[in-house]
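Work through the exercises below with the model open. Try each task before you read its solution.

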Amino acid sequence: MFLIDKARKQFAVPIDDGSGANASLAPLSDIAEAFEELALLAASGDLHLSTFCHACSHVSVLFGCLGLAFKFAELEYVSKVRNLTEASATFTTLHDILDFDVANDTVKVQGSYSRNLRRVRQGLDLIRALFEQFLTSDDYCLKEAASTAYAEVCAPYHTWAVRTAVSAGMYALPTREQLLIKLNETEQSAEKKMRRYIKASIPVIKYIDKLYISRNITLDW
């Protein structure tokens with residue numbers, strides 16, 4: 001037990017939230033709580049962009065814990081969340097940024113707020129799919145879970161070169177046990193928090209999709 005506790009202290013990673021201070025050493029708790037709040041807000045009215053970005057910032061730790069295979073997702077996700085966070089100084093809600101890009105015909109333009117929101121949504125869905133696969137079986141290895149999640153959520157939108165690089169990087173993923181140590185969780189505690197995120201993220205993802213669909217914008221990009 002002493003060796004396990006020592007390993008957890010050695011490998012658990014404090015997360016920088018961008019403010020210069022270390023974030024919680026229980027990132028799964030932060031993520032679950034943040035998205036449960038978002039799910040309630042999405043059901044009751046407009047999502048404020050600043051609140052959405054704050055919740056999304058907690059997810060960055062998960063990409064960081066997955067190593068090279070998901071480095072592409074970490075870099076893209078973090079940069080997109082940062083862009084939307086900056087936009088929150090000008091725009092109040094998620095509706096506002098969609099309306100802005102629709103009015104300027106920039107919805108699918110590289111670097112637009114609407115495109116960045118679409119990519120952040122994809123990142124949230126990737127984590128949702130990864131958690132679902134991770135919980136399929138106690139002996140389901142992380143490589144299999146991550147490969148299946150990537151194939152479901154991201155692969156259809158990536159070039160052959162990106163898909164090949166991700167496939168090669170899957171061999172560098174941590175083991176299931178190493179990931180739990182990095183997250184400072186046990187199998188039991190991780191399962192509860194992952195299920196909370198899965199349940200809470202689904203209505204948030206659907207809320208974002210409806211923003212596009214209601215404006216006659218397809219989701220196949």
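## Exercise 1: Aromatic pairs

Tyr 212 and Trp 221 are both buried, where buried means under 20% relative accessible area, exposed over 50%, and partly exposed in between (1.4 Å probe, protein chains only). The model is predicted: local features need pLDDT of at least 70, side-chain atom pairs count only at pLDDT 80 or more, and totals for chains, interfaces and linings use all residues. Residues are numbered from 1 along each chain as its sequence is written, and side-chain values use heavy atoms, with hydrogens and water left out.

**Task.** Classify the ring pair of Phe 91 and Tyr 113 from the distance of the centres and the angle of the planes.

**Solution.** 
1. Start with the cut-offs. Rings of Phe, Tyr and Trp (its six-membered ring) pair if their centres lie within 6.5 Å; planes under 30 degrees apart count as stacked, over 60 as edge-to-face and the rest as tilted.
2. Search the whole structure: 7 aromatic pairs turn up.
3. For Phe 91 and Tyr 113, the centres are 5.3 Å apart and the planes stand at 65 degrees, so the pair is edge-to-face.
4. Phe 91 is in the loop between helix H5 (71-87) and helix H6 (94-104), and Tyr 113 is in helix H7 (residues 113-134), so the pair ties together parts 22 residues apart in sequence. Helices here are DSSP runs (H or I, at least four residues), numbered from the N terminus.
5. Check burial. Phe 91 is buried at 12% relative accessible area, while Tyr 113 is partly exposed at 22%.
6. Tyr 212 and Trp 221 also pair edge-to-face, at 6.0 Å centre to centre and 75 degrees between the planes.

## Exercise 2: Cysteines

**Task.** How many disulfides does the structure hold?

**Solution.** 
1. Apply the cut-off: a disulfide is a pair of cysteine sulfur atoms within 2.5 Å.
2. The count is 0.
3. Take Cys 53, which is in no disulfide; its nearest cysteine sulfur, that of Cys 56, is 6.3 Å away.
4. From the side of Cys 56, the closest cysteine sulfur is in Cys 53, at 6.3 Å, so a bond is ruled out by distance.
5. Both sites are buried: Cys 53 has 3% relative accessibility, and Cys 56 has a relative accessible area of 1%.

## Exercise 3: Salt bridges

**Task.** Which parts of the chain does the pair Arg 118 and Asp 209 link?

**Solution.** 
1. The whole structure gives 11 salt bridges.
2. Arg 118 and Asp 209 meet at 3.5 Å, N to O. Arg 118 is in helix H7 and Asp 209 in helix H11, 91 residues apart.
3. Arg 118 is buried at 5%, and Asp 209 is buried at 12%.
4. Contrast a local pair. Arg 195 and Glu 191 bridge at 3.1 Å, N to O. They sit 4 residues apart in helix H11, about one helical turn. Arg 195 is partly exposed at 44%, as is Glu 191 at 33%.
5. Now join bridges that share partners: Arg 118, Arg 121, Asp 125, Arg 128, Glu 132, Glu 152 and Asp 209 form one network.
6. Within helix H7, Arg 128 and Asp 125 are 3 residues apart, about one turn. Their side chains meet at 2.7 Å, N to O, and both residues are buried.

How values were computed. Helix = DSSP H or I, 4+ residues; strand = E, 2+ residues; numbered from the N terminus. Salt bridge = Lys/Arg side-chain N within 4 Å of Asp/Glu carboxyl O.
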